[in-house]
Amino acid sequence: MHAPKISRRRFLQITAATFGAATAAGALVPRVAFADAAAPVGAAGKIETIPTYCEMCFWRCGGIGYVRDGKLWKFEGNPLDPASRGRLCTRGTGAVGAHYDPDRLQKPLIRVGKRGAEEFKAVTWDEAMAFTAERLNKVRAEHGAESIALFKHGIGVRFIEHVLKHYGVINIAAPSYAQCRGPRDTGFTLTYGLGLGSPEPLDIANTNCLVLIGQHLGENMHNTQVQEFADAVGRGATVITVDPRFSVAASKSKYWLPIRPGTDTALLLAWMNVIVNEGLYDKAFVAEHGHGFEPFAAEIKRYTPEWAAKETDLDASLIRESAREMAKHRPATLVHPGRRTTWYGNDSQRVRAIALLNALLGNWGRKGGFYMQSGMKIAPYPFPPYPKSAKEKADNPKGYPFADEGLATGIREATLSAKPYPIKAWVVYSTNLVQSLPNDRETLAAIEKLDLLVAIDTHPSEIVGYADVVLPEANFLERLDELNVNWGKPGWTQIRQPVVQPPHDQQPGWWIAKRLSERLGIPECMPFKDMDEYLRYRVEKSGFSYAQLKKDGVLMGKPAPIYIDTGAEIAFDTPSGKVEFWSEQLKEKGFDPVPKHVAPDPGPKGAFRLLTGRAPMHTFGRTQTNPNLRALMAENEVWVNTRVAKDLGLENGKYVTLKNQDGVVSNRVKLRATERIRPDCVYMVHGFGHTSPMLKSAYQRGASTSRLLTRYNTDPLMGGTSVHTTFVTVSREA
Ligand SMILES: Nc1nc2c(c(=O)[nH]1)N[C@H]1C(S)=C(S)[C@@H](COP(=O)(O)OP(=O)(O)OC[C@H]3O[C@@H](n4cnc5c(=O)[nH]c(N)nc54)[C@H](O)[C@@H]3O)O[C@H]1N2
Ligand SMILES: Nc1nc2c(c(=O)[nH]1)N[C@H]1C(S)=C(S)[C@@H](COP(=O)(O)OP(=O)(O)OC[C@H]3O[C@@H](n4cnc5c(=O)[nH]c(N)nc54)[C@H](O)[C@@H]3O)O[C@H]1N2
Ligand code: SF4
Ligand SMILES: [Mo]
């Protein structure tokens, strides 16, 4: 399982590049000292090791918690786990800081002041649960359970969601759909009949040509992909990166295409034009599995590299050359489908173009392309069925036809309009809606309409400040959770178990759910004594040893063929049963059957488009108070092209403010004058500039991309909301 030493070094190089050349690889293991935590490596003491899976982000790597003399000491990768392969990313390693974080919620709270004034009194769990149940019962009695909505992120919500569904709740959504991977899943479902889910079935490990469009691996730290990317670079695979910014990935690339923001579909169409016109595509794959190739080929005839050059601000020769390079390595060429694909609002069609380009390369079920995942059967628990509702869900009031999960912005809209019926309570689990939904003013206005807002969180994030009742959750190192059953090469199952006890009066999600089910008068939906009993049932019923799972942290499924060449079967769950180069479904609904390029709004004169992405040592806005990770990056910077900075009279390293097209002004943020970004855009890492004073160590540190995101477009196919539609001017701090 262990990768050779060279790639470990490469992995570190790639991650280190973003926090500066001076950062030695060793600095990736944060060494912030805690009076009650840090112990020198090799020191004596009783050491216990407990395997569990990480949730510092949603990649869920298997790790091992080390407890020394009863205290959390360190968190490392579990070598038996296929996602981590024994190595965690910076944030995973820094999870120790999440346990000791002094800014976390410590006790249940009930609001005493005006909503949003952040005045709370600490209460007991009994009082908090009684309050929550009484208020939920009131909303249900007056409006029906459909008027209660659940917003969520992460696996910890499992039993809270279950209890609420049993209670009659039907409106459930996660910003990690319509604000993240939704357009990608729609683009692929329309083309191949399969949304890609997580982890994606990408054979980066064996690819000979990796194309990254935006997708900033190395800053985006999805562990397995970053490891495989590092290995691919080590093997000498060609990397082609398309990004207006010279990302870490771009620095590892043979071709960097510094595209004009928002014009990727034009590039994709031109690439396909070259590959089809020059006959470089996989003719056998297209003939056997393609639907509507002729009309598709006719449609893209006009999209020459010369046409695209004008749209994208790239050289036509570079477009042609990079297309040929991709074709040269096929089928072991992989055009990465992306993850947060919510960029401009027409995103499903851009990703559909990515899906089509991959189809031309014939990499579906082929080594170095998309492999065929296998799953793992783990017995379900025999729960009673959920009640049926007579009402329709309210999360998609505009009726986006290809939305196949709940739309968080749709529930917000329904809350604001009271249509199709009023939404009167929000239960918010591990999602900071104020930061993660576009235009926070709409979110705050919707909150005004509520009779009840319940926040279940680890931290006093912005959304928690608006809650009526706050339920502090134990963090992932301190709790049992649902099993994580993965698809993969082969499938595998991970267990989460407590490494340490919660430091204060925090409780795990399942415990909160069980108490809530009792208070709501539906204890029959949680018929087990505790989580241990539940997990044991599922594991033993599936024929595995529970003791072994607790010891190893993972159960492996049976390997099955993952490539066509070695016996994997492929099938396409589309209307034609084939890969849809031409989509009748889209045409019927009034959309383009083959993606078209829509030129992006150039924005006001003199303003720059604000782009955003990730920093390797933080996860969105959820890690800024973690002392270990804050030590690596306490605030974000705004990247501005060196020449632009000079023209504006702005100095590198000095504080500036950003003002958006609607007059919203950001916090002060440090200027990073750099050649590594185009002059027509600026860039900031998302998740900083917290406005909740209760997040003491992160309050007002850096600037928030969300506060500036007052205008957004909505994907007409599935309701995804755009993030890259803010324009700003930059000025010296007043
Ligand atoms: N402007 C802008 N908006 C974006 C993005 C962007 O880049 N820019 N990115 C989008 C993307 S890709 C996504 S996936 C979404 C994600 O957006 P969200 O779903 O909001 O996810 P997070 O930011 O991780 O959620 C943070 C909340 O979870 C809490 N939390 C952390 N751990 C736990 C836990 O163990 N239990 C509980 N109960 N709570 C916990 C934190 O304290 C915090 O309040 O945002 C999207 N929105
Ligand atoms: N360290 C860390 N890793 C994470 C996360 C985290 O919070 N922290 N979050 C995880 C989550 S939930 C997600 S969804 C993923 C998101 O990660 P990705 O899917 O990789 O990234 P995006 O946020 O879509 O894209 C950001 C990149 O796109 C570039 N870009 C901006 N506009 C354009 C454009 O018009 N065209 C092109 N070609 N490029 C453009 C930006 O310069 C930046 O490099 O990361 C995951 N990994
Ligand atoms: S990628 Fe990093 S933060 Fe995410 S689960 Fe893996 S180790 Fe944890
Ligand atoms: Mo995401």
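Analyst: Let us start with one side chain. A polar atom in the side chain of N636 lies 2.8 Å from the backbone oxygen of A703. This is a polar contact (a pair of N or O atoms within 3.5 Å; within protein, one able to donate a hydrogen and the other to accept it, with residues adjacent in sequence counted only if both atoms are side-chain atoms). The side chain of N636 also reaches the backbone oxygen of V685, at 3.0 Å.

The model is predicted: local features need pLDDT of at least 70 and side-chain atom pairs pLDDT 80 or more, whereas totals for chains, interfaces and linings use all residues. Residues are numbered from 1 along each chain as written, chains are lettered from A and ligands numbered from 1 in written order, and side-chain values use heavy atoms, without hydrogens or water.

User: Why does N636 count as buried?

Analyst: Buried means under 20% relative accessible area, exposed over 50%, and partly exposed in between (1.4 Å probe, protein chains only). N636 counts as buried because its relative accessibility is 0%. N636 sits in the loop between α22 (627-630) and β21 (637-641); helices (H or I, at least four residues) and strands (E, at least two) are DSSP runs numbered from the N terminus. Beyond its neighbours within four places in sequence, N636 is in contact with residues including V669, M684 and F688, contact being heavy atoms within 4.5 Å.

User: Which residues of α4 are buried?

Analyst: An α-helix has 3.6 residues a turn, so residues three or four places apart point the same way. In α4 the buried residues include W125, A128, T132, L136 and V139. Helix α4 (residues 125-143) has 19 residues and spans 27 Å from first to last C-alpha, close to the 27 Å expected, that is, 1.5 Å times one less than the number of residues. Just after α4, G144 takes a positive phi of about 100°.

User: How far apart do the C-alpha centres of domain 1 and domain 2 lie?

Analyst: The bounds of domain 1 (183-372 + 568-588) and domain 2 (608-732) come from an automatic or database domain assignment. Their C-alpha centres lie 28 Å apart, and 29 residues of domain 1 are in contact with 26 of domain 2. Together they bury about 2,000 Å², 56% of it on carbon and sulfur atoms; this is the accessible area (1.4 Å probe) lost on being put together, summed over both parts. R245, R340 and Y344 supply 28% of the area that domain 1 buries against domain 2, more than any other three residues.

Key:
Buried area = accessible area lost by both parts, 1.4 Å probe.
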